[in-house]
Every structure is written in C-alpha cells, then in structure tokens.
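Student: I have a model open and a list of labels I want to understand. Can we go through them one by one?

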Amino acid sequence: ARLWRQSGKAGKPPPMGENTDMATTASSPSGAQSVRLTLWILLVVYVFNFIDRQIVNILQEDIKADLGLNDTQLGMMTGLAFAVVYCTMGIPVARIADSTSRKGVMVVSLAIWSGFTALCGLANPIHIGTFTISAFVVLLITRMGVGLGEAGGSPPAHAMISDLYEKEKRGRALALYSAGL
C-alpha cells in the first residue's frame, strides 16, 4: 500500500499479488516474453538452490571419511545446522523482500548461498596460534551460511511470480517454478 501511495495513484491499492502495472506489462507481446524469461530464470536459480542444498548430502560419506566425522556430527552438519537457520531466517528475509527489491534480495541470497557452498569445500581445521577450530566447526558454520542464503530464495520468487502472473495463470507458473526441485 505504501508503494501504491508513493506512485501517486488514486484510490486503494490492488489486493496483494495483483499488481495491475505488471499485469499490463505481461499482456503485451514483449512483456509476455519478459515474464516467461523471468520465470525461467527463477526456475534455474531454484535448481541451483536445490543442488547447493543437497551437494553435501550427496557427498556426506566421503566428507565423513575425509574429515573423520562421526554420525552425530554428520547429522548436525547436514540437517540441524542448515534447517534451523533456514527456517528461522525465512520469515525475516521474506519481510525484507516485501519491503525492498525482491530481485535484489534474490541476488544477494544467491551470492551468499553460493559463496558458502564453495566455502564448504574448503573446510579444514583453522589454526590460530595454539587454538584450533576443527574442520567440523568450519563446515557447520558454512552450512549455516548456506541456510541463511537459501532462506532468501523462495519467498521473493513466490512474490515475484504472484506479481507477474494474474490469478488464473499463477498456479501453472508456481507449478513450473516448483519443478526446480
């Protein structure tokens, strides 16, 4: 509603998810292509989101052997550390996406989760004088970073799709986006 008032338009804003400016853009031929391209880009980002989330699970036995982890550590690293941050941060990140640039939130989130995914591959003990941070702690922290970044993936994407597609076509668009899993 705040953005509607700032745009100088009279009357009440459209209901949530029914942005008339986007619907007008989507009805023109070039606008429809842009909307489809946006959906495909969101789908590709979602595929990378899923791959980055699952890569550690796929490689967990090799990681376990390489770093000498036990089953409890492996479970914490692949499940709890990621899930707690992902679930906890999803709502605040969604709120940020609703009040700022959704595209910007997606870009920053993609950079965060991709960066932390790459850092997972560099997990080794860190020695600072006589103090040592174990490879497990390093990997646990980087997995939490992946969870933080991925928390900002889906909420802005769902909001963008809701803005871009009118109610009658939104279900199909969301289904295509969800095929990224």
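Student: Why is Cys120 called buried?
Tutor: This is a predicted model, and in it Cys120 has a relative accessible area of 11%. Buried means under 20%. So Cys120 is buried.

Student: What makes Cys87 exposed?
Tutor: Its relative accessibility is 56%. Exposed means over 50%. Cys87 therefore counts as exposed.

Student: How many aromatic pairs does the model have?
Tutor: Two.

Student: Why is the pair of Tyr46 and Tyr177 called stacked?
Tutor: Take the centres, then the planes. The ring centres are 4.4 Å apart, and a pair needs them within 6.5 Å. The planes of Tyr46 and Tyr177 meet at 15°, and under 30 degrees counts as stacked. So this pair is stacked.

Student: Where in the chain do these two tyrosines sit?
Tutor: Tyr46 is in helix H3 and Tyr177 is in helix H9.

Student: Are Tyr46 and Tyr177 buried or exposed?
Tutor: Buried. Tyr46 has a relative accessible area of 11%, and Tyr177 has 1%. Both values fall under the 20% cut-off.

Student: What makes Phe82 and Tyr86 a stacked pair?
Tutor: Their centres are 5.3 Å apart, with 15° between the planes. The limits are 6.5 Å for a pair and 30 degrees for stacking. So Phe82 and Tyr86 are a stacked pair.

Student: Why are Phe82 and Tyr86 about one helical turn apart?
Tutor: Because they are four residues apart in helix H5.

Student: Which residues touch the most other members of the largest nonpolar core?
Tutor: Leu42, Met77, Ile161, Tyr165 and Tyr177, out of 28 residues. Helix H3 gives the most to this core, with six residues.

Student: How confident is the predictor?
Tutor: The chain averages a pLDDT of 85, and 84% of the residues score at least 70. Over residues 1-9, though, the pLDDT is below 50. Residues 13-21 stay under 50 as well. Where pLDDT is low, the predicted coordinates should not be read in detail.

Notes:
Residues are numbered from 1 along each chain as its sequence is written. This is a predicted model: local features need pLDDT of at least 70, side-chain atom pairs count only at pLDDT 80 or more; totals for chains, interfaces and linings use all residues. Side-chain values use heavy atoms; hydrogens and water are left out. pLDDT is the predictor's confidence in each residue, from 0 to 100. Contact means heavy atoms within 4.5 Å. A nonpolar core is a set of buried Ala, Val, Leu, Ile, Met, Phe, Trp, Tyr and Cys residues joined through side-chain atoms within 4.5 Å. Buried means under 20% relative accessible area, exposed over 50%, partly exposed in between (1.4 Å probe, protein chains only). Rings of Phe, Tyr and Trp (its six-membered ring) pair if their centres lie within 6.5 Å; planes under 30 degrees apart count as stacked, over 60 as edge-to-face and the rest as tilted.
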